[in-house]
Structure formats: structure tokens, C-alpha cells
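Let us go through some features of a structural model in question and answer form.

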Amino acid sequence: MTDEQLAFDIEGMLHEAAVEDAPEWRGAPLHFTTAYLSPSDLDAAIAHWQSLHRLDGSRRDSRMWHRAIAVPGGVDVGEHGFDLFTVDLRCDPWKHPEPHADCACVGDLTYMAICEPHAWRVIASDENAAVEGWHDHAFPGWRDLPVVPARLRNTDEIGLSKAARKWVEQRYPASMQIVGAPVITERSGIGTRHVPGRSPWGGYDISNTAVEPSQAVIRRSRARAVSVDPIRCRADSGPVLRI
Ligand SMILES: [Zn+2]
């Protein structure tokens with residue numbers, strides 16, 4: 001046995017001992033759940049799961065909520081809060097190379113937007129749908145906002161061009177020109193993701209496909225068909241994947 005292997009084994013044994021000695025976990029469930037949990041409870045649970053599974057870096061295996069890449073931390077928006085989590089409920093291609101009858105995976109990369117002050121959340125089967133659901137909660141009426149025309153886009157600038165900002169300031173109601181409020185912009189091609197932090201007030205730049213169904217149809221025919229209905233979860237307690 002080399003020194004390296006020995007060191008590795010000792011580390012492994014120490015880890016096992018630490019796991020055995022850890023006090024009983026009383027936080028959020030260490031598996032998939034649709035229950036309302038605060039962002040900090042979800043953060044603590046995934047951190048705990050990762051401490052128990054030191055040698056397994058894949059968050060997918062946990063089937064637990066973790067921060068979405070687009071929104072790494074919570075944002076205060078007036079009386080609301082915005083946190084975006086994701087969970088990977090797809091089948092593990094290594095374990096399940098083909099679709100199979102006994103698979104209990106819900107089956108998607110799933111998203112949840114949370115408003116902590118109101119203990120509110122929406123769960124959706126894609127990121128855009130979760131973001132839209134949150135805006136329905138925090139900015140009712142946003143779907144009626146004017147769509148910023150694509151011709152005002154300046155491809156040299158990140159975010160809205162000066163012309164687009166002026167257009168928005170002249171046309172958006174004062175009640176929607178507040179911190180965290182969104183803009184809706186006309187998109188072309190497949191660039192239909194809603195982008196956080198890109199409105200003049202630090203809110204989302206929402207793709208017009210959210211409010212113009214004909215655009216959404218085009219989008220869906222280009223990408224894979226995705227349901228925007230909240231998912232119906234088969235398992236609220238216990239792991240969703242039987243292995
Ligand atoms: Zn709220």
C-alpha cells in the first residue's frame with residue numbers, strides 16, 4: 001500500500017466516523033420534496049447531504065433542491081423575495097440507458113422559484129416557467145407590459161441598449177418602473193431564456209415568448225416539447241428513484 005492510498009483510507013475512515021457521530025439530522029428532508037422550505041433550510045439540507053456523501057460530488061444523485069446557476073443567491077424585491085432552485089429528476093443514463101417500466105423519475109430538470117417573505121413557491125418543469133410564475137406572484141399585470149422591439153437591440157452591449165431603455169421609460173407604467181421589475185423583449189431564434197438582472201431596475205429581461213403564444217409555439221417546435229404546467233410529483237416523501 002502506498003502512502004497515498006494509506007492517507008486516502010485514513011481520510012475515508014475519519015469521514016465514516018464523522019458521519020456516524022453526526023447528530024441526527026433535523027433539517028429539511030434529504031431527498032426530493034415539493035413541501036415549502038425556506039431557501040436557507042434548502043441550502044443547509046444540500047450542504048448536509050454533501051457532507052454525508054463526501055466521495056460523491058454529484059448533486060444529481062441527491063435528487064435535492066440546490067441553487068440554480070442563473071441566480072446563485074436570494075434577491076429582495078420590495079416586499080417579496082426571489083430565490084431560484086433546481087433539482088435534477090432525470091434518469092441517470094448510466095443506470096438506466098433505456099426508458100424502462102419501473103422508472104419512478106419525474107423526469108426533468110425541474111425548477112422552483114421561492115418568495116420567502118410570503119412562504120410561497122412555484123414549481124415548474126423549466127426555468128422560464130418558474131420565473132414567469134414568480135412574476136405572476138410579485139408583479140401581477142407584468143404580462144401586459146409592452147414588448148421592447150428587437151430593432152432596439154444593440155448587439156455590442158450587454159443588456160438593454162440606451163434606445164431600449166428610453167423606449168421602456170416612456171412606455172412602461174410608473175408602477176412597473178420599480179426595483180426588481182421586469183422588461184419584456186422581443187427575441188429571435190433560440191435566444192428565449194429569461195435573463196436575471198437585465199431590466200433597467202435590476203429585474204428580469206423576459207423573452208416575449210412568455211406572453212406571445214405564437215412565439216412560444218415556434219420555440220417549442222425548435223426545442224423539445226416542454227410542459228409549462230407545474231409538475232405533478234409522484235413522491236412527496238422518500239426518494240423518487242428506485243434503483
Ligand atoms: Zn411574495
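Predicted model: local features only at pLDDT ≥ 70, side-chain atom pairs only at ≥ 80, totals over all residues.

Q: Which residues are the protein donors of the zinc ion?
A: Donors are N, O and S atoms within 2.8 Å of the metal (3.2 Å for Na, K and Ca), and sites may look incomplete because water is not among the atoms. Here His-80 (ND1), Cys-115 (SG), His-118 (ND1) and His-137 (NE2) lie 2.0 to 2.1 Å from the zinc ion, with the sequence spacing H-x34-C-x2-H-x18-H.

Q: Why is the arrangement around the zinc ion called tetrahedral?
A: Ideal angles for four tetrahedral donors are 109.5 degrees, and four donors count as tetrahedral if all angles lie between 85 and 135 degrees. The four donor atoms around the zinc ion subtend angles of 102 to 122 degrees, so the arrangement is tetrahedral.

Q: Is Asp-83 buried or exposed?
A: Buried means under 20% relative accessible area, exposed over 50%, and partly exposed in between (1.4 Å probe, protein chains only). Asp-83 counts as buried at 7% relative accessibility, whereas His-118 is partly exposed at 37%.

Q: What does the side chain of Asp-83 contact?
A: A polar contact is a pair of N or O atoms within 3.5 Å; within protein, one must be able to donate a hydrogen and the other to accept it, and residues adjacent in sequence count only if both atoms are side-chain atoms. The side chains of Asp-83 and Arg-67 are joined by such a contact of 2.5 Å, and a polar atom of the Asp-83 side chain lies 3.3 Å from the backbone nitrogen of Gly-74.

Definitions and conventions
Residues numbered from 1 in each chain as written. Heavy atoms only, no water. Tetrahedral: all angles 85-135°; square planar, octahedral: opposite > 155°, others 65-115°.
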